[in-house]
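I wanted to get my bearings in a structure that was new to me. These are my notes from looking things up.

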Amino acid sequence: MKQIQISSMEEGQRFLKWLEKYLDAAPKSFFYKMLRKKNITLNGKKSDGSEILKEGDQVRFFLSEETMEKFRSSRKEAGSIPLDIIYEDRDVIFLNKPAGMLSQKASPEDFSLNEYLTAYLLEKGEITREELERFRPALCNRLDRNTSGLITGGKTAAGLKELSRILRERQVHKYYRCFVKGKLEGEMHLKGYLKKDTALNQSRILEHPCRDGKPVETWYKSVEVFRDYTLLEVLLVTGRSHQIRAHLASIGHPLLGDPKYGDPSLNQRLRKKYGVKAQLLHAFRMEFPQTEGSLSYLSGRTFAAPEPEIFRKLMAEGRQSNKQERKR
């Protein structure tokens with residue numbers, strides 16, 4: 001018999017979900033059978049798996065060691081790297097993700113920001129390797145590999161669940177910053193229909209409804225206009241794959257550096273001069289709404305991630321060009 005006591009980091013999870021994480025190679029039918037036969041119990045009683053776990057709860061497994069090992073997959077842990085932390089408390093963490101880093105694994109051998117977050121918490125002593133067998137901290141939203149900026153994560157089960165709910169209900173305002181080709185003054189609320197070509201992993205924006213087309217809305221305003229390009233702030237009213245990149249390209253102002261939707265000759269110059277290999281898109285700011293629940297203390301708060309160095313270089317160069325132009 002093996003007994004496990006639920007820690008404060010794990011509480012808030014549904015019992016069946018907890019079991020699926022602990023014996024992660026077992027099919028769901030196995031858990032239903034073991035719960036029904038009382039080979040797995042919660043606080044010494046028969047369970048159906050729907051209970052919400054609390055700190056101090058006792059889980060008992062009346063299973064052989066061979067069975068336990070059979071249904072537990074081995075995980076290779078990432079090493080610790082410095083993280084750019086914007087905000088952190090007991091339950092949640094907000095990070096500034098660099099461009100080029102995966103948010104989540106694309107294949108089993110990958111190391112992503114999810115794994116680096118786990119390594120960070122292990123190093124701090126906020127979670128143990130034993131606890132990782134039953135709960136794993138995780139990111140709550142995703143950014144493309146080559147998009148930098150603000151990304152959120154749950155350090156505890158309760159924090160992960162509540163923050164995911166707030167984001168899922170689209171209550172949080174997410175603002176991005178990006179450089180686009182040409183001069184783009186003022187602000188605009190763009191609407192259209194996004195159709196994705198899965199084979200090419202590329203999206204098109206259409207003016208009218210179409211089969212498989214999903215409605216999209218993108219708001220932008222110019223932050224600073226330069227001679228050859230503009231720094232925009234963009235609010236995703238809807239959140240579709242490649243929405244910002246495709247929508248701005250559809251009005252003739254593609255993102256600088258964008259290999260799918262951008263201007264090839266301009267991108268080539270940026271690559272040669274600055275080493276830019278991908279779209280200059282940065283998740284800049286999140287504004288939290290008034291909300292109830294365990295994360296109500298985030299109500300009305302704003303969090304921002306400083307732009308990467310390439311943004312500062314382009315702003316400095318653009319201002320210099322504007323200054324020289326005014327002198328002529």
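**Ground rules.** I'm looking at a predicted model, in which local features need pLDDT of at least 70, side-chain atom pairs count only at pLDDT 80 or more, and totals for chains, interfaces and linings use all residues. Residues are numbered from 1 along each chain as its sequence is written, and side-chain values use heavy atoms, with hydrogens and water left out.

**Overall build.** I looked up the secondary structure and got 9 helices and 14 strands (DSSP runs numbered from the N terminus: helices are H or I with at least four residues, strands are E with at least two). The C-alpha trace spans about 85 × 45 × 40 Å along its principal axes. Of the 328 residues, 49% count as buried (under 20% relative accessible area with a 1.4 Å probe, protein chains only; exposed is over 50%, and partly exposed lies in between). I also checked contacts (heavy atoms within 4.5 Å): among those with a separation of 6 or more, 65% join residues 24 or more positions apart.

**Cores.** Next I asked which residues touch the most other members of the largest nonpolar core. They are Phe 94, Leu 248 and Phe 288, in a core of 50 residues. Such a core is a set of buried Ala, Val, Leu, Ile, Met, Phe, Trp, Tyr and Cys residues joined through side-chain atoms within 4.5 Å. Helix H4 (residues 113-124) supplies the largest share, 6 residues. Another core, of 21 residues, lies apart from it and includes Phe 15, Leu 16, Met 34 and Leu 35.

I followed Phe 94 further. Beyond its neighbours within four places in sequence, Phe 94 is in contact with residues including Tyr 87, Leu 150, Leu 163, Phe 288 and Phe 303.

**Aromatic rings.** I found 15 aromatic pairs in the whole structure (Phe, Tyr and Trp rings, the six-membered one for Trp, with centres within 6.5 Å; planes under 30 degrees apart are stacked, over 60 edge-to-face, the rest tilted). Tyr 87 and Phe 303 make a tilted pair, 5.1 Å centre to centre with 50 degrees between the planes. Tyr 87 sits in strand E4 (residues 85-88) and Phe 303 in strand E14 (residues 302-304), 216 residues apart. Tyr 87 counts as buried because its relative accessibility is 15%; Phe 303, at 5%, counts as buried too.

Why is the pair of Phe 94 and Phe 288 stacked? Their planes are at 5 degrees, with ring centres 5.7 Å apart, so the pair is stacked. Phe 94 is in strand E5 (residues 92-97) and Phe 288 in the loop between strand E13 (281-287) and E14, so the pair ties together parts 194 residues apart in sequence. Elsewhere in my notes, Phe 15, Trp 18, Tyr 22 and Phe 61 form one aromatic cluster.

The largest pocket holds about 1100 Å³ of space. On a 1 Å grid over the protein atoms alone, a pocket is an open set of points with protein on both sides within 12 Å along at least five of seven lines, a cavity is a set where a 1.4 Å probe fits but cannot get out, and lining residues have an atom within 4 Å of a point. Points are joined across faces, edges and corners, and volume is the space filled by probe spheres set on them. Of the pocket's 37 lining residues, Arg 142, Asp 144, Arg 240, Ser 241 and His 242 lie nearest its centre.

**Cavity.** I counted 1 cavity of 30 Å³ or more. The largest cavity has a volume of about 50 Å³, and E13 gives the most to its lining, with 4 residues.
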